[in-house]
Amino acid sequence: MAKQPHLLVEDGDVHDVALVPGDPGRVDRIADHCDEATEVAQNREYKVVNATYEGRDLTICSTGIGCPSATIAVEELSNVGVETFVRVGTTGALQSDIEIGDMVVATGAAKDEGTTKRYEAVEYPAVPDYEVLSALVDGAEANDERAAGTAATGASGGAASHDVHVGPIASDDAFYAETDEYVADWERAGILAVEMEAAAVFTLARRKGLRAGAICTVDGNLVEGTQKGETEGEELPDKARNNVARAIDITLDAVTTL
């Protein structure tokens with residue numbers, strides 16, 4: 001097969017499991033947690049790196065912001081051999097008890113975006129693969145146990161503590177059009193958080209007979225009126241920025257079982 005036009009990869013360039021953060025900078029953060037890493041390609045918002053973690057070969061590829069660019073990444077990666085996709089992202093909480101720095105593992109994504117409508121009816125569900133979902137939940141529980149053990153021995157340092165929430169999220173196209181009415185409706189429906197890519201990743205993987213899942217670090221709480229970048233020079237608040245590292249560790253532990 002010819003080289004893919006956006007990712008600039010071809011058959012043999014990537015592995016069967018891909019971690020797909022939105023931010024190209026997070027590709028490097030994930031690679032730093034791995035045993036070895038090699039850049040494969042970089043073009044537009046897409047940075048592709050191959051890495052190994054505890055003997056498991058994997059690919060890391062940024063998707064950019066939103067479902068259209070995420071769809072391109074999934075289409076082209078699946079064309080050259082990726083069979084499992086795990087989104088490692090950030091998200092805005094929609095329930096008052098979810099704090100900045102917490103983790104959300106998605107059991108489904110409301111399709112509040114336009115891209116998947118070009119593929120199928122809105123009534124079709126955007127849901128993760130059960131094995132990937134279970135691996136992420138198990139990875140989160142194992143990470144919590146290690147963190148508790150470290151605390152018990154009096155060790156210091158590392159990322160801040162966090163809770164892991166498992167449930168439905170929403171994928172939305174319009175970051176700056178998330179009105180109070182939208183937020184209130186999502187909150188009443190029991191949606192845990194909102195982000196911009198998972199619905200497309202889940203939908204395409206299901207339609208192609210592939211696997212997908214998503215774990216996101218909370219970077220603000222829309223119900224409480226906080227949003228990333230509002231009070232600091234960095235895009236993410238400190239606790240969210242620190243706990244992205246835990247989301248990465250959870251995901252890497254999960255993929256070793258897939």
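Predicted model: local features only at pLDDT ≥ 70, side-chain atom pairs only at ≥ 80, totals over all residues.
Contact here means heavy atoms within 4.5 Å.

**Around Asn221**

Asn221 sits in strand 9, which covers residues 211–221. Setting aside its neighbours within four places in sequence, Asn221 is in contact with Ala93, Gln95, Ser96, Ile98 and Thr226. Its side chain also reaches the backbone nitrogen of Val223, at 2.9 Å. Is Asn221 buried or exposed? Its relative accessible area is 3%, so Asn221 counts as buried, given that the cut-off for buried is under 20%.

**Helix 5**

Strand 9 turns up again as a packing partner of helix 5. That helix spans residues 198–207 and is mostly covered, with eight of its ten residues buried. The buried ones are Ala198, Ala199, Ala200, Val201, Phe202, Thr203, Leu204 and Ala205.

**Salt bridges**

How many salt bridges does a search of the whole structure find? The search turns up twelve. Here are some of them:

| Pair | N to O distance |
|---|---|
| Lys3 and Glu10 | 4.0 Å |
| Arg87 and Glu195 | 2.7 Å |
| Glu120 and Arg207 | 2.8 Å |

Take Arg87 and Glu195, which form a salt bridge. This pair links distant parts of the chain, as Arg87 is in strand 5 and Glu195 in strand 8, 108 residues apart. Both Arg87 and Glu195 are buried.

Then there is the salt bridge between Glu120 and Arg207. Glu120 lies in the loop between strand 6 and helix 3 (130–152) while Arg207 is in helix 5, so the pair ties together parts that are 87 residues apart in sequence. Through salt bridges that share partners, Lys111, Glu120, Arg206 and Arg207 join into one network.

Lys3 and Glu10 also meet through their side chains in a salt bridge. Lys3 counts as partly exposed, with 44% relative accessibility, and Glu10 is partly exposed too, with 30%.

Methods
Residues numbered from 1 in each chain as written. Heavy atoms only, no water. Helix = DSSP H or I, 4+ residues; strand = E, 2+ residues; numbered from the N terminus. Buried < 20%, exposed > 50% of the residue type's maximum accessible area, 1.4 Å probe, protein only. Polar contact = N/O pair within 3.5 Å; in protein donor to acceptor, adjacent residues only side chain to side chain.
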